[in-house]
Amino acid sequence: MSLIKFFSTNGHFERVDFRQALLMGQAPDKGLFMPEQIPRIPESIIEEFPKMSYPQIAYEVVKPYLGDLITDSALRNMLQDAYNYEVPMERVYDEKYVLRLDQGPTCSFKDFAARLMGRMIQYFLKEDGKSIIILTATSGDTGSAVAHAFFGLDNIKVVVLFPEKEVTVRQRRQMTTLGKNVFPLAINGKFDDCQALVKQAFVDPELRGLNLSSANSINIGRLLPQAVYYFYARSRAALHGEEIVFSVPSGNFGDLMGGLIAMKMGLPVHKFVVATNENDEFPGFMQTGVYEPIRPSKNCISNAMNVGHPSNLARLFCLYGGQMDETGRVSRQPDLIAMHKDLYAVSITDDVTRQTIKEAYSQYGVLLEPHGAVAWAGLVKYLNECGDWSPCISLETADPAKFPEEIVRLTGINPALPQVMARLDELEEHFEKMNGNYASLRNYLGRFLTEV
Ligand SMILES: *Cc1c(COP(=O)(O)O)cnc(C)c1O
């Protein structure tokens with residue numbers, strides 16, 4: 001099979017291989033990279049997955065995109081090393097499960113993508129003897145997952161922009177207590193402002209000497225690892241041939257894109273429940289066919305999903321034959337009928353999110369945090385509206401201990417701090433504050449120019 005090429009969703013850039021797409025992050029025409037073909041995993045292999053470990057399944061899912069870019073033994077080592085933690089499936093009732101993606105070093109599902117992407121980037125940089133700056137915007141969890149994945153490497157610096165007032169203290173501390181090659185910037189603005197600043201830096205000719213790379217969910221290296229846990233989860237829940245309903249708490253839609261890629265690779269899925277918080281631009285689009293970003297985005301308690309214009313919508317539209325540019329302008333409408341067949345989009349208010357955290361605990365003894373509660377509430381709504389279905393898997397994307405204030409208030413339980421976060425509240429913080437002007441960011445990044 002010839003090596004899969006990646007094209008830009010904006011359509012004004014050459015096709016590149018996985019290595020180039022990974023190191024570039026975003027295409028120079030501001031589009032996002034998409035695979036030209038999505039390889040199918042033979043059913044006979046998928047049906048072997050129940051007997052395989054997480055790293056073994058990951059190998060089968062990721063390998064078809066890589067060809068010989070990474071040697072087999074190096075890839076297997078990377079996967080073994082990246083996925084050295086549990087991926088528990090918790091039964092809620094009958095065949096309804098919560099998949100806990102919160103057992104990595106920063107206790108959010110972002111670890112799955114960041115840890116493999118980090119290892120792949122290191123591998124390629126070593127081959128080239130190069131150094132880079134990872135520039136990333138975070139609504140709370142990406143920054144820490146990426147910072148931890150690259151922490152302490154001498155040929156990589158990580159600059160993380162986060163909205164000063166929109167991350168929890170523990171989320172901030174996970175970024176600001178590392179030091180060394182990790183440079184956190186508290187932006188006086190919203191996540192969308194952080195993301196806009198990052199995007200501008202990428203196309204700034206004055207910063208070309210910096211070798212900037214992104215680690216946002218706009219990087220294709222983030223998406224492929226996020227296809228893996230859908231295969232893994234199904235292999236632990238379903239019998240031969242059974243289709244699953246997944247519920248995905250969605251902000252920037254990277255997690256959902258992973259699931260859709262998995263489905264196109266052959267994973268039997270009945271429906272994806274796309275659960276957003278009150279930033280309901282996508283559920284609105286599914287109802288009306290008209291896309292309108294939410295500006296400014298709304299502050300909800302599921303803060304990692306406070307996104308008024310999800311960048312991965314460009315990929316989602318592309319997958320369904322449409323085209324959307326980076327500003328959200330739709331130049332070709334996607335196939336809405338096909339989208340409705342695969343996706344059930346629903347917006348969950350903060351009130352319902354809180355109610356869901358309470359009820360999941362009192363009815364089933366299951367402790368959810370706000371993001372996982374949005375997904376569970378979305379699933380409940382889907383089952384009520386469209387009829388019962390089994391098996392169902394709802395994604396829990398963070399550890400409740402990252403959001404202690406809400407959880408204590410709603411359930412009376414003070415969630416135990418996971419081992420990896422044990423010393424977090426004591427460590428010293430280092431970060432700079434910055435206004436939302438692009439000139440300030442350029443100035444800041446300029447200091448690295450002399451060092452490179
Ligand atoms: C980032 C994040 C999400 C949203 O994932 P997207 O890929 O941006 O849709 C949900 N929950 C948590 C805890 C997150 O950190």
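**View 1. The residue that follows helix α15 is Gly365**. In this predicted model, Gly365 has a positive phi, near 70 degrees. Stepping back into the helix itself, α15 covers residues 350-364.

**View 2. Helix α15 has a buried side and an exposed side**. Look for Asp350, Thr353, Thr356, Ile357 and Ala360, which are buried. Seen down the helix axis, the buried residues of α15 fall within an arc of 115 degrees, so they line one face of the helix. Their cover includes α16 (370-386) and α17 (404-411). On the other side of α15, you will find Asp351, Ser362 and Gln363 exposed.

**View 3. Helix α5 is largely enclosed by the rest of the structure**. Here 15 of the 19 residues of α5 are buried, which is why the helix is described this way. Helix α5 takes in residues 110-128. At 1.5 Å a residue it should span 27 Å, and its end C-alpha atoms are 27 Å apart, so the two agree. Gly129 comes after α5 and has a positive phi, near 60 degrees.

**View 4. Arg170 sits in helix α7**. This helix is made of residues 169-176. Is Arg170 buried or exposed? With a relative accessible area of 16%, Arg170 is buried, because buried means under 20%. Leaving aside neighbours within four places in sequence, Arg170 is in contact with Ala401, Lys402, Pro404, Leu417, Met421, Leu424 and Asp425.

Technical notes: Residues numbered from 1 in each chain as written. Predicted model: local features only at pLDDT ≥ 70, side-chain atom pairs only at ≥ 80, totals over all residues. Heavy atoms only, no water. Helix = DSSP H or I, 4+ residues; strand = E, 2+ residues; numbered from the N terminus. Expected span 1.5 Å × (residues − 1). Buried < 20%, exposed > 50% of the residue type's maximum accessible area, 1.4 Å probe, protein only. Arc of directions from axis to C-beta. Contact = heavy atoms within 4.5 Å.
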